Amino acid sequence: MKKKAAIIFAVTLTTALAPESGRMGHVNAAADISAIISHTVIVGDSSGTATADWNEMLERLDAAIQEGKGRNVDYVAGSSVLVPTDIINHLAGKNATLAMHMGNGIAFSVSGRDIHTVDYPVQITLCEESDIPDEVRQSAMEGITVIREICIREKESFPCPINVHLSLGTQNAGRNAVLYYYDEFDGALKQQGIYRIQESGNAMFRLTRGDEYIVAVMKGYTVEEGDALSRIAVRNGISLKALTAANPQITDVDSIRVGQLINIPVR
């Protein structure tokens with residue numbers, strides 16, 4: 001991915017939790033976007049609230065923990081960050097959040113409320129280029145608008161849940177941000193989660209491991225009486241193949257139900 005100028009934005013987050021998918025370490029958030037956790041993260045590396053000094057960050061984090069009001073501590077990490085095990089355990093169970101600003105409109109956060117005791121540090125290094133094969137990307141993303149790729153060098157489970165915060169543009173407000181991860185064992189992109197993009201153009205996903213990710217933007221549609229996938233595809237000017245690829249939760253193309261939510265690829 002090419003580097004772009006850092007974007008500064010405020011994200012008011014609503015985290016959705018759902019059971020893990022078939023692959024260990026990935027959480028499928030597509031089934032439920034209900035509010036479970038809410039907090040605000042300021043994303044950017046020059047907002048005036050963030051510090052690039054590790055010692056100052058520790059002091060602020062300790063003060064936030066003492067306050068116990070869920071305050072965020074913003075740390076400018078750049079393209080790589082390593083949070084020591086003792087710091088994570090110090091935050092564990094506390095009502096405070098460490099927000100790590102990576103630049104280019106992306107941040108990762110760790111909430112003390114999501115942490116139990118951990119045995120190893122949080123390490124995140126963003127890669128310049130994705131390792132997803134072109135043929136896999138082209139096949140899975142046919143007719144789908146891809147607006148973000150996230151490549152994390154450390155392909156391993158995180159010691160605790162990590163939230164990734166993204167700026168996807170106000171023009172996409174109200175649409176669905178759909179997160180895919182690359183399963184190198186199956187050689188395929190698999191849908192992991194869905195987040196309704198806020199009016200500010202921001203979205204968030206919960207991650208449990210480092211990996212190769214793609215974020216696509218789609219319209220949301222609720223199935224009505226008399227609908228069929230083929231008719232929905234025609235009405236939206238896309239192929240049935242593209243529509244089914246955008247909705248892996250539909251295992252039988254001839255069986256959809258009224259009220260079911262469907263992703264419509266945005267041209």
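User: How is it decided that two strands pair?
Analyst: Helices (H or I, at least four residues) and strands (E, at least two) are DSSP runs, numbered from the N terminus. Two strands pair if DSSP finds at least two bridges between them.

User: How many bridges join β4 to β6 in this model?
Analyst: The model is predicted, so local features need pLDDT of at least 70, side-chain atom pairs count only at pLDDT 80 or more, and totals for chains, interfaces and linings use all residues. Residues are numbered from 1 along each chain as its sequence is written, and side-chain values use heavy atoms, without hydrogens and water. Strands β4 (residues 72-76) and β6 (residues 97-103) run parallel, and the bridges that join them number five.

User: Which residue of β6 is the bridge partner of Asn-72?
Analyst: Strands of a sheet pair through backbone hydrogen bonds, either parallel or antiparallel. The partner of Asn-72 in β6 is Thr-97.

User: Which strands stand at the edges of the sheet?
Analyst: The open sheet has six strands in the order β3-β4-β6-β7-β10-β13, with mixed pairing. Two of them have a single partner strand each, so one side of each is left without a neighbour in the sheet. These are β3 (50-51) and β13 (202-209).

User: Which two residues form the aromatic pair?
Analyst: Rings of Phe, Tyr and Trp (its six-membered ring) pair if their centres lie within 6.5 Å; planes under 30 degrees apart count as stacked, over 60 as edge-to-face and the rest as tilted. One aromatic pair is counted by this rule. With 6.4 Å centre to centre and 65° between the planes, the pair is edge-to-face, and the residues are Tyr-195 and Phe-205.
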